[in-house]
Amino acid sequence: MAARTALPAQGANPIIGFVHRRRRGAELFLLVLALAVGIGAYAAVGIGVQGRVPADIVGYGGWLTALVVAAHVVVRIVAPYADPVLLPVVAALNGLGLAFIHRVDLVDGTDLARNQLIWMTLGAVLFMVTLVVLRDHRVLTRFTYTAGLSAIVLLLLPMMPVLGTEIRGARIWISLGPFSFQPGEVAKVLLVIAFAGYLVLHRDALALAGRRVLFVDLPRGRDLGPILGMWLVSLGILVFQKDLGSSLLFFGLFLVMLYVSTERPGWLVVGGALFLGGALTAWRLFGHVQTRVSVWLDPFAYYGEGTNDTGFQNVEGLFGMAWGGLLGRGFGGGDPTRIPIVESDFIIAGLGEELGLTGVIAILLLYGLIVERALRAAIISRDGFGKLLATGLGSVFALQVFVVIGGVTGLIPLTGLTTPFLSQGGSSLVANWVVIALLLRISDLARSPVPDLTADAEDDADESTQVIKL
Amino acid sequence: MSELTLLLVRIAYLAILWIFVLSAISVIRSDMFGARVPEAARGRGQKAPKEKKAKAAKPRRGSPTHVLVVEGSSAGERAELDQAPILIGRGNDAAIRLEDDYVSTRHARIAAAGDQWFVEDLGSTNGTYIGTVRITQPTTITLGTQVRIGKTILELRK
């Protein structure tokens, strides 16, 4: 996957006349549909819960439309060749999430949707700022170590005595006055930048040196440093912050990027072994890991009277999805607020109850599209850093969706992570909007035609011919 | 609200969701297969400036016909461009074989794209340079552009 091996392929691109079109019109068309998904969900929630289309739908819809149109115009101006699918998919997911949080608000009497809308606005503004300021993603290579360091600082912040707050057993929040913030979400983006910058420089050493044992190229001992470091950081998050999800996410991300940049399956063997070792040790030593695993193995043994009810959330989520069936109960027809914190980690269970399997599959497909587009940008990107960055951002997305939805549906032990763009939670939303901006920037550079160097080259040629003539 | 209305709203919303998903997929599909721009459409966007350039360039010199090694131990060796792509390296299968310790077995190649010529590094150890710049992606070269490989310098000649 390294730039080296992919070069001949795009060297061939100009040769067969394969030129990407801008597709901004297609993006606009999809954005209109995305707005229909978002605003339609809001209207359906109003009809289902209150029996009428909400009165403020014009203001709400207008605000969403304004945000989306502003983002579209910015993309049109500063990234005309960017991928046409990413922005609409994100807008649709975000709109759907807002509508569902509003639906929970209507039952609980809370005001989370308004906050979420403010965060979405902030996210969209940061999305535009990123696109405008960052005209070439390769600039980010300058901040490789800065990004890595700030990521680690951000990850350590919640451990600080005053700043950090422990919510629901996990110490991953910092609170500044009325705002609470999850620095891990920002660290996620910074870590991808740091990994990509590091690996693009060191991939040869990591890929070429090593011994062959049983058909697997094992890496050299001294190259194990970074992977061991990352393993320790992940374990640290697991032990001190009790955050299974983030620790799994960061380690998985590092492993994927290492594998992609070196093309050596040996790293997967080493990393998988480290992961298994770490997971087993954690399971032996820590109560909260044991609880999660036993709830995963037999959720119903931890539900109802006579038990400690640790499986309550999982089981209610499973009940909700079962009650939703194929077509769902419709917005307002189910009872998703039975599930604790349904607006956050368990939003997919709530959506499963009200939209059914049909809706959940559509949502999963949308996530799949985001990941596919990210990997596509990686494949056609012309520089190694862009390839790695896009792969990293795509896989962080894929891992996060897998970990949280896998946890909610009972495929893997439940680990707390937000569902990107759907879940209530500002830091995750803002960070993910920036991720999408970075992906659009990479795909814009990758899809724009090869810059015509002939003019410059001719000038050079003139000079050099003159020198020869002299 | 009657049960029927609620049912219709429910079905309608799922339909909207799926219409969106399918349209997104169809945009991706047309993006994959429709990206090859037909000659005519490309002409509109790109031909005009290209023709101007060609007019300016033609009187001075025509299109290149061969690659010549102008400096280094294999100086004087040449390869005709009509055999493109031309492989350059120390290996036996190279069209231009260079006796140069700083050259990899399969070092670089020169290929055509329309009426332009590209040089592309094939992952060599010591790199391919245009002027003092090490190239990282296929790069356009014209008549007289000096391409340095190891201690050898190559040029397109007519």
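**Confidence first**

pLDDT is the predictor's confidence in each residue, from 0 to 100. Two residues are in contact if their C-beta atoms, placed from the backbone, lie within 7 Å. I found pLDDT under 50 over residues 1–16 of chain A too, with 26 contacts beyond four places in sequence. For chain A I noted a mean pLDDT of 83, with 86% of its residues at 70 or more.

This is a predicted model: local features need pLDDT of at least 70, side-chain atom pairs count only at pLDDT 80 or more, and totals for chains, interfaces and linings use all residues. Residues are numbered from 1 along each chain as its sequence is written, while chains are lettered from A and ligands numbered from 1 in the order in which they are written.

**Cores**

I looked up the nonpolar cores, meaning sets of buried Ala, Val, Leu, Ile, Met, Phe, Trp, Tyr and Cys residues joined through C-beta atoms within 7 Å. Buried means 20 or more other C-beta atoms within 10 Å of the residue's own, with C-beta atoms placed from the backbone. The largest core has 142 residues; A:Leu439 is among those touching the most other members. Helix α13 (residues 347–380) of chain A gives this core its largest share, 15 residues. Helices are DSSP runs of H or I, at least four residues, and strands are E runs of at least two, numbered from the N terminus. Apart from that core lies another of 22 residues, including B:Leu81 and B:Ile96.

**Chain B**

I counted two helices and eleven strands in chain B. Of its 158 residues, 32% are buried.

Technical notes. A residue is buried if 20 or more other C-beta atoms lie within 10 Å of its own, exposed if 12 or fewer, and partly exposed in between; C-beta atoms are placed from the backbone.
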